[in-house]
Structure formats: C-alpha cells, structure tokens
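This report goes through helix faces, a helix pair, a chain interface and some backbone angles. The sequence and structure come first.

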2 protein chains.
Amino acid sequence: MTIETAIARLRKLLGDRLSTAEAVRAHHGQNEGIYPPTPPDAVAFPESAEEVARLVRICAEEGCPVVPWGVGTSLEGHALAFSGGVTVDMSRMNRVLAVHAEDQDVVVQPGLTREELNTELRATGLFFPIDPGANATLGGMAATRASGTTAVRYGTMKDNVLALQVVLADGRIIRTGSRARKSSAGYDLTRLFVGSEGTLGIITELTLRLHGVPEAVSAAICAFPDIEGAVNAVIATIQSGVPMARIEFVDEVSIRGFNLHAGTDMPECPHLFLEFHGSEGAVAEQAETAGAIMAEHGGGGFRWATRAEERNALWKMRHNAYYAAKALRPGCRVLTTDVCVPISRLAEAVTETRADIEASGLVGPILGHVGDGNFHCALLIDPDRPEELGRAKDLAHRMNRRALRLGGTVTGEHGVGRGKMAYMEEEHGPALSVMAAIKKALDPQGIMNPGKIVAVN
Amino acid sequence: MTIETAIARLRKLLGDRLSTAEAVRAHHGQNEGIYPPTPPDAVAFPESAEEVARLVRICAEEGCPVVPWGVGTSLEGHALAFSGGVTVDMSRMNRVLAVHAEDQDVVVQPGLTREELNTELRATGLFFPIDPGANATLGGMAATRASGTTAVRYGTMKDNVLALQVVLADGRIIRTGSRARKSSAGYDLTRLFVGSEGTLGIITELTLRLHGVPEAVSAAICAFPDIEGAVNAVIATIQSGVPMARIEFVDEVSIRGFNLHAGTDMPECPHLFLEFHGSEGAVAEQAETAGAIMAEHGGGGFRWATRAEERNALWKMRHNAYYAAKALRPGCRVLTTDVCVPISRLAEAVTETRADIEASGLVGPILGHVGDGNFHCALLIDPDRPEELGRAKDLAHRMNRRALRLGGTVTGEHGVGRGKMAYMEEEHGPALSVMAAIKKALDPQGIMNPGKIVAVN
C-alpha cells in the first residue's frame, strides 16, 4: 500500500495516459502563487468519469493522494501535490456535452475553460458570465468557488452551478442537483462541492446556468482624485439600484502597470471601470444615473466604450492585471492576495491597505470587484531578496486580519488552498470543526487533495 | 436517559417556558398538510441562542428528539414531532438585531416573520423579497429553503441568507458565513444549513440580504385560452431577458377559487400574474416587451395594477391561494404538492398534471412560480371519505414521478419533511448516502428533527 504500487496499478489502467516523465511532473508542480516547484509523483489524464472513479478507487486502496488539476492558474497552491501522489489532469475531459438553449443551461466536462465555453456558445445568444482573470477551467472555477468582474450582477460559481457529477473518495460516482432552477429536496450538496477544492471529491461534470447576451452593452472608465471618492461612488451606485454588470476599482499603482503593459496613457489616479447590460433604453438610463453618481463623488474624465472591440480591449486590460503588475517590476514574483469586506467598510479597508503597502516600501497595486466588497493586492517581490517575501507575507497577513476585523472574509474568490489555511480558525471559529467533520465523513482516509482547506488528524 | 427526564431538566432550565399543557402541545401537533395531530411531549420557548444550546445539550444527554417550530405553516410535516420529544418554539426569539442599510443586510432572530421584517424595514427603502404564501418565520424559511413569487428575480433563501448562527446537535454554537457578499473560505456551511430542516442544527440567528425598494412597480394579469399559451409566453418572456420580478401561472380551477374567495369576476381560464420592478423608464419598457410577448401567445384581457393598493390586492389574492382552493369545496382538507422542472418541460408537466387530475374526479387547482419551472397543486379531499386521500396521494405520486422523469425535482420550495422522503432515493441516487453521512457526522445520535429528509440507521 504505497504511492509506488498505486502508480503501477494506474499505469495498467491508463497506459501512456499515466505519466511520470520529469517534464510532465514539473509542469504540474508549477503555480502562479509563491510556492516552490512541487511536482507530483505522477500525472494521470483520464477521459471519463468512470476512469476517474477507477483511478480514485485504486488510490483509496493504496492510500495515495489524489490532486485534481485544471490549468494550474490557482493562486493559493490548490493544485499542488504537497504530500506527493497523483495529479489528475482534467484536460482530456473538455467537451460541451449538451446545450439546452430553452432552459438556458449547459452540461460540460470540467476540463473545458470558460473562454472555450463562450466560444462554443457564440451562436446561441447565451453566455457564461463568470470571469476570473485567468482562462481557468470550469471544473477548477467550481472547485474554488470562483467569481470575477461580473459577480455583482450574475453572482459567483455558487449561483451558476445547477448540478454536478462528482467522484467521491471511495470511487463512487454521484450526481447532485438537477436542471430544475431550484429545489428544496434535501441538503444542498451542489453548494457543498462548489468551493471544496477537490478535498471532498473530484468534479467530473457540471451543469451551468447561462444568461442571455444583453441586447446592449456599454462600458466606461472614470478617474477619481482619491480612493475614498471612488469607493463611495461604488457604494452609492449599488444603493441606487442601478443593476451594474461590472464595477471595478483600479488604484493608481495598477493604472501605472496598465499603462506600461498595455501602452495606454491613463492618468495615474484611482479609476472605476464600469459596464452596463440591458436593453438599449435601460443601458442608456443606467449609464446616465451612474454617471451622475460618479460626478457627485468627484469622478471625471469619462471614456466610454460602446463598440465591442473597445470594450474587449478595456476588459482584456483589466483581466491582464496580473501581468500588468509584473510589468511594474520586471523579473519579480507576485504574492497575490484577496479579501472581501462589507461594502460599508470598503473605503477603510482599501485606504489602510494602500497606506500599509506604502509604508512597507514594496510595490503593490490594489484592484478589485468592489461592487461585492472584494479586492486584491499584488505584492511584487524580487526572488533574489528573500526578506521581501517576508515583508509581503506580513502585509498580506495584516490585510487578512483587517478583513476579519471589518466583518469580512480572508478570501472573496481565490479560495483557501494552502495559502489561507492559517486563517480558517480565526474566520470560522468552532464552525471549522464542522468542516473537519464533513471532510472526515466523506474522505476518512484523507486522500483527496490533502493539506488544503482544513487539516484533519 | 429518557424523554421524561429531559423534560424535567428542561423545566428547571426554562421554568414556565417549558410547557406540557395539553392545549400547547395540541397547537404544536397541528399542521397545514395532511398529517393527523401529532403533539410533542413538551414545548420549549427559549429566548436566546445560549438557552437553545443548553436545551439541546440536555436533550443530547437524554437522547430526546428536538424539533424546531416557527409558526407551523410548513406543508410536509417538517415541524411535527413524529418520534415525540421537545418542540422548540422560536416565537420569543423574534427581534431585528441590526439593520445595515449601507450594506443592504439585516441580522434577525429566527422567530421573526417575513411580514414583520418588512414592516420593520419600512423606513429604510429596503425590503426582503422572499414570500412563501404563508407569513412564515425567517428561521423556518431558511430551514426549508423557501422561495415564492419573487424567486425568479431575487432568488430563494439559498441566495438571500448571508450568514447563520446555528446550535449543533451537541449544543455547540457556531457561526457560518459573514456579512461579506461572497467568500471562498472553505465549505459553504451556510448553504448546508439552509434547507436542512432542523436535522443538522437549530438556526438561532440569520443575516439576510436586503434589496432596494424599486423606484417603480407595475403589475398586471393576463388571460390565456389554454395552458400551453400561458406557459409558452412565460418561456419566451424569460428568454427575452426581461427581468421579471414575478411571473405566476394560475389555472382555470384556481381562478374559480379566487373568484369565490376574493369576490372577483375573472374569466375562468388560465392566467399569468406579472410584476415589473425598476426605474419608471425600465418598468414601462419591460411591461411593453412582456405585453407584446403575451399577446403573441394568445394572451389578452390585460388588467394593470400600478397603484400600491391594487397591486397589494392582486398579490394578496395570489398568496391566499391555499384558502381560495378550500373555498372550492367547503370543509375539505388540502393535499398540497410542489414540483419543479426545467422550463422547457413545464407545459408538458402542467398539461399532463391537469389531465391526470381531471381523470381522477378530484378538484385540484394548479398554480405556480413558473418563471422557475415550479408549480403546485392543491388536491381537495373530503376528510370523511378516506378513499379520496388515497386518490390524492396517487395523483401527487404521479406528479412527483413526472417531475423526476422530466429532469426536475420533487420539491421546488416546500421541502422534504416527512412527505417527500420516499422520493429522495429516486431523486438523488447514491448522493443520498452522502446526505446520510453528513447527518451522521453532525448528529450521530439522531436527535435533531428525526425522521425528516434522510433516514439514518
């Protein structure tokens, strides 16, 4: 009962779709966070839920850790095999299985990426709105309860996964939820597996809610003299009832990165990036109301983007924020962190964080999905100066503590992985023991993505 | 270790807030479903979470069942003490603890009803939209994952509970979630307890999401020559992207009941009841678009209600559907059932159900929240003719099987309780064992509302 015998048995099951090649292992040991390379012992490339089930059953018999892998864009070490074992790369399970246009839902395999899905949907008049910065897989997005710029209007993965197929830790295959829009039929297992980061089972199929492509879309950027003005404009806009599709805060340091990376020439001050969805009339009315609120809070220098190409350029710039941040300090590594607070505490949270970063001497753009109270900070560090990593970790630590003090959470959308585990006790208190009890009940051996979310003895 | 010793100990804890009086027990043995009177052994009236915790700890030590009670309006026997024990009446925990207008949330105790909450919120410009027919408690609504006429726009309790305080089966008090609008910090315990019907713990506090009272509201009713026309108009309206606030189907038998009960004179044919929320301009535009879609599908005889009193009369009539149904057959009892299907299968589900009821010879109005694919049927039976109950159960059984065959669920919003337990295996397959594993992990003795949702040996 060892990882070695598991690998030998898996090779029989999968043939050359079980790899122990150095390059393959190295690729699956990389991450976009700050973890050193952590290659697994082997990488499996299953092609069906049944194959995943057989794989997990073998690993259960051999006590071998099982770590699911989408495209490896997670930021908190979720997909790293810290305890060794087998990484399960879902890239061969990347098909759209059924589009139900009348019901506005789609059934997909977990290895499909969000951009691939939207490409497939082009002719249907429907789209899947959730957009983390990276072109992540839909399985990975469900596993981390991802969201992005449109959550303020369309919700997060929690709100847009209708049903799942999951392989449990003992190799059984279950289905949760249905294509009905709502149900009161028992415990909400769909929502339990969404955000469980592979620690309770492996998602092998997802039924996702789709939304109609809006008749009209309009986007704008707006400059503010200070953080408070921008954040207060956000609060007032949300309270006004304008159904914002996107309302993104980007601080002056982020803008400098955008200018460097995308070749733009925006003034280096806080900005809001806005988008409105609806009928022609509704979008015009929303834009007028929001524009007036922005102006009241000191916003100015509006630049509108109504044509699709302009809008795409704007949001591409926003989605490339990670790379834009890197442009501020070539050769740097990035410690990205992510918190979410009640919106009434947002100005305080962002302003204190900005001041804390300035005091640290590090470069760290702040930006976020502020309509939800969610913001990120990308702390740039020189890999050759280890003390900078220490300073960045201290900053992130204070940011997490600040979020908790203000009634928020240490992660709005990136997830726990290994990076936020240290805060789970403080955030959840005795509820963490309930998470541990569920983990023990569903994965008594602790083979499913061990060492993530909650430690179980 | 008996129920008797539990009651003796609880009397010491609660004094005269622990009652074994016949009238009190009888009141808590009633239900709006078809269950015979099932009085508990005693009824407790706690006043704080700490008191609930002490109560549950005593019951755990004595192996005494604990059954939470809101106002007893559930339809599937959720609040009945089928195994005896102590019913925990939450009516003394009915305060609004905090209104956070800027964050659009409110913290309440579980015994507060939805109408009481909205009365308290009158001056804030905010409201809580979820509206099951009855004026249920918010704790009960969370426990059953309730929804109602506005779910098509504002979601269900799943979408509007941000955080909970829960007393576990061992008497520990936990908090789940936070006032942040989203989080990826571990397993979604809030969504696990929402819909768990008191089987995993007792909800002692809720943080609820509020919504801004829309600037403009307009409502209308529209008559259709047949069910298909009405349902197809619903599908087309949803697909058009009109953000309906309410879109309710009411069949010809229901209309007859409304006319009898409310003294109206609507034509006895299928109707849709509609409501639009938004700015003045948006509501006018939505109403125009929806009106055109209705007309295309044979809808006519529009009656608009723009003044608040007219609208209130309209929705009061809709919310009184249970009593209107009873008016169709004075002295009857009502077997109410509730299913939800993908909207593409809705016309088929409703039409088949209508025909099945006609063939049975029973009277049974059909109506529902069709924007979600959710509909109900109220089967009227003569309590003195037991064979009618059998026929009604057969009809409900076929309705549940039909919903599953069409890819739906046996309960969209009423919950499982005892009434839908028989369908859990068929609906969930092996996932039911995951529910059982969670139940066992969190309530190993099986004292929390035993015999509901999932049987555990």
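## Helix H12 of chain A

The buried residues of H12(A) are covered by elements of chain A that include strand E12 (216-223), strand E13 (246-250), helix H10 (252-262), strand E14 (271-278), strand E15 (300-305) and helix H13 (321-327). Helices (H or I, at least four residues) and strands (E, at least two) are DSSP runs numbered from the N terminus, and two residues are in contact if their C-beta atoms, placed from the backbone, lie within 7 Å. This is a predicted model, in which local features need pLDDT of at least 70, side-chain atom pairs count only at pLDDT 80 or more, and totals for chains, interfaces and linings use all residues. Residues are numbered from 1 along each chain as its sequence is written, while chains are lettered from A and ligands numbered from 1 in the order in which they are written.

The residues of H12(A) that are buried are A:Leu314, A:Met317 and A:Arg318. Their directions fall within an arc of 105° seen down the axis, so they line one face of H12(A); the arc is that of the directions from the helix axis to the C-beta atoms. The face turned away from the buried side carries the exposed residues A:Ala308, A:Glu309, A:Asn312 and A:Lys316. A residue is buried if 20 or more other C-beta atoms lie within 10 Å of its own, exposed if 12 or fewer, and partly exposed in between, with C-beta atoms placed from the backbone. H12(A) runs over residues 308-319, and its 12 residues should span 16 Å at 1.5 Å a residue; the end C-alpha atoms are 16 Å apart, which agrees. The expected span is 1.5 Å times one less than the number of residues.

## Helix H1 of chain A

Helix H1 (residues 3-14) of chain A also has 12 residues, and reaches 16 Å from its first C-alpha to its last, close to the 16 Å expected. Its buried residues are A:Ile3, A:Ala6, A:Ile7 and A:Leu10. These cover an arc of only 95° around the axis, which puts them on the same side of H1(A). A:Glu4 and A:Lys12 are exposed on the other side.

Among the elements covering the buried residues of H1(A) are strand E1 (18-19), strand E2 (42-44), helix H3 (49-62) and strand E4 (86-89) of chain A. Just after the helix, A:Gly15 has a positive phi of about 60°.

## Helix H15 of chain B

In chain B, helix H15 (residues 386-405) has 20 residues that should span 28 Å at 1.5 Å a residue, and its end C-alpha atoms are 29 Å apart, which agrees. B:Glu388, B:Ala392, B:Leu395, B:Ala396, B:Met399, B:Asn400 and B:Ala403 are buried in H15(B). The buried residues fall within an arc of 135° down the axis, so they line one face of H15(B).

On the other side of H15(B), B:Pro386, B:Glu387 and B:Gly390 are exposed. Cover for the buried residues includes strand E16 (333-340), helix H14 (346-360) and strand E18 (374-381) of chain B. B:Gly407 follows H15(B), with a positive phi near 85°.

## Packing of H9 and H11 in chain A

Two packed helices are described by the angle between their axes and the distance between the axes. The axes of H9(A) and H11(A) come within 9 Å and cross at roughly 145°. Axes are lines fitted to C-alpha atoms, for helices over the stretch in contact, and angles run from 0 to 180 degrees between N-to-C directions.

From H9(A), A:Ala233, A:Ala236, A:Thr237 and A:Ser240 meet A:Thr289, A:Ala290, A:Ile293 and A:Met294 of H11(A). This contact has five nonpolar, three polar and no charged residues. Ala, Val, Leu, Ile, Met, Phe, Trp, Tyr, Cys and Pro count as nonpolar, Asp, Glu, Lys and Arg as charged, and the others, Gly among them, as polar.

## Interface of chains A and B

In the interface, 75 residues of chain A are in contact with 75 residues of chain B. H17(A) gives the most to the side of chain A that touches chain B, with eight residues. That side divides into 28 nonpolar, 28 polar and 19 charged residues.

## Positive phi in chain B

Most residues other than glycine have a negative phi. B:Arg145 has a positive phi near 55° and lies in the loop between helix H5 (138-143) and helix H6 (151-154) of chain B. It counts as buried, with 28 C-beta neighbours inside 10 Å.

B:Glu197 has a positive phi near 55°. B:Glu197 is in the loop between helix H8 (189-193) and strand E10 (201-209) of chain B, and counts as buried with 27 C-beta neighbours inside 10 Å.
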